[in-house]
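Let us go through this model by question and answer. Please have the viewer open.

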Amino acid sequence: MGKPRLFGADYSVYVRISRLCLHEKGVDYDLIPIDIFAPEGASADYLEHQPFGKIPSFEHNGFRLYETGAITRYVDDAFPGPVLQPVEPKARARMNQIVSIADGYIYPHLVWGLYVELVSKAAEGEPPDENRVALAWAKAPVCLDVLADFLGDSPWLAGDHITLADLYVAPMLDYFLLAPEGREMFSAKTNLVEWWDRMNACESFQITRRSR
Ligand SMILES: N[C@@H](CCC(=O)N[C@@H](CS)C(=O)NCC(=O)O)C(=O)O
């Protein structure tokens, strides 16, 4: 099989999710740099890969794909290596539920509502959008509570092996934990802290850490 190409940048949560998936599967790939936040925006050429102008997009043997959920599931299905989606229906449903929670609540509130508003904007000398921060603070404990509940005594979020649920949540929490208040809230969740240590021990997570 040809070498897949992933288009994106290492600072992107969704690019990192896709890279984590490729690394966990042991798939060799090329990361083609696309800076979506460049002042000139996405190029016309890139919009042919991802018409919505987001990263990542993916290409394998001429097959083009975008949307991280589709990319990661394709990589898991198309390549040999450890299976990243549980086969048992309830565990698979739980994994899909966590991925959906990550997309719908963790990314907008913990990454954009807290990290971007409180850490990233502060570094640029910009004031936060207080309404956005207030909403994010209201949702952050809910996000951590549900993750801690789903994790329970298991090593991984959807059971006894690493799945797409872990690969989605971890890059988002990596940004959230750059906010001191986020770290404080997180440290109270003992099982999540243990999971976080497990995640940080993964070579895939270390290799895909962005250059800060
Ligand atoms: N639904 C998309 C979301 C991807 C996404 O939001 N990517 C961010 C970077 S992490 C992006 O491209 N943002 C640029 C923008 O919103 O203009 C996916 O699952 O791939």
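Q: Which residues in helix 5 meet E181, G182, M185 and F186 in helix 7?
A: Contact means heavy atoms within 4.5 Å. Helices here are DSSP runs (H or I, at least four residues), and strands are runs of E with at least two, numbered from the N terminus. On the helix 5 side, the residues are W137, A140, P141 and L144.

Q: By class, which residues make up the contact of helix 5 with helix 7?
A: Ala, Val, Leu, Ile, Met, Phe, Trp, Tyr, Cys and Pro count as nonpolar, Asp, Glu, Lys and Arg as charged, and the others, Gly among them, as polar. The contact has six nonpolar, one polar and one charged residues.

A word on the model. It is predicted: local features need pLDDT of at least 70, side-chain atom pairs count only at pLDDT 80 or more, and totals for chains, interfaces and linings use all residues. Residues are numbered from 1 along each chain as its sequence is written, and side-chain values use heavy atoms, with hydrogens and water left out.

Q: At what angle do helix 5 and helix 7 pack?
A: Axes are lines fitted to C-alpha atoms, for helices over the stretch in contact, and angles run from 0 to 180 degrees between N-to-C directions. The axes of helix 5 (residues 130-151) and helix 7 are 10 Å apart. Their packing angle is about 35°.

Q: Which backbone oxygen does the side chain of S187 reach?
A: S187 lies in helix 7 (residues 180-187). A polar contact is a pair of N or O atoms within 3.5 Å; within protein, one must be able to donate a hydrogen and the other to accept it, and residues adjacent in sequence count only if both atoms are side-chain atoms. At 2.8 Å, the side chain of S187 reaches the backbone oxygen of E184.

Q: How far apart in space are S187 and N61?
A: N61 sits in the loop between strand 3 and strand 4 (63-66). In sequence, 126 residues separate S187 and N61. C-alpha to C-alpha, they are 44 Å apart.

Q: What is the phi of N61?
A: N61 is not a glycine. Even so, its phi is positive, at about 50°.

Q: Which residue has a polar side-chain atom 2.7 Å from an oxygen atom of the ligand?
A: A backbone N or O atom of I55 lies 2.8 Å from a ligand nitrogen. T68 places a side-chain N or O atom 2.8 Å from a ligand oxygen. The residue at 2.7 Å is K54.

Q: What is the omega of the peptide bond that joins I55 and P56?
A: P56 is in the loop between helix 2 (44-49) and strand 3 (57-60). The bond is cis, with omega about 10°.
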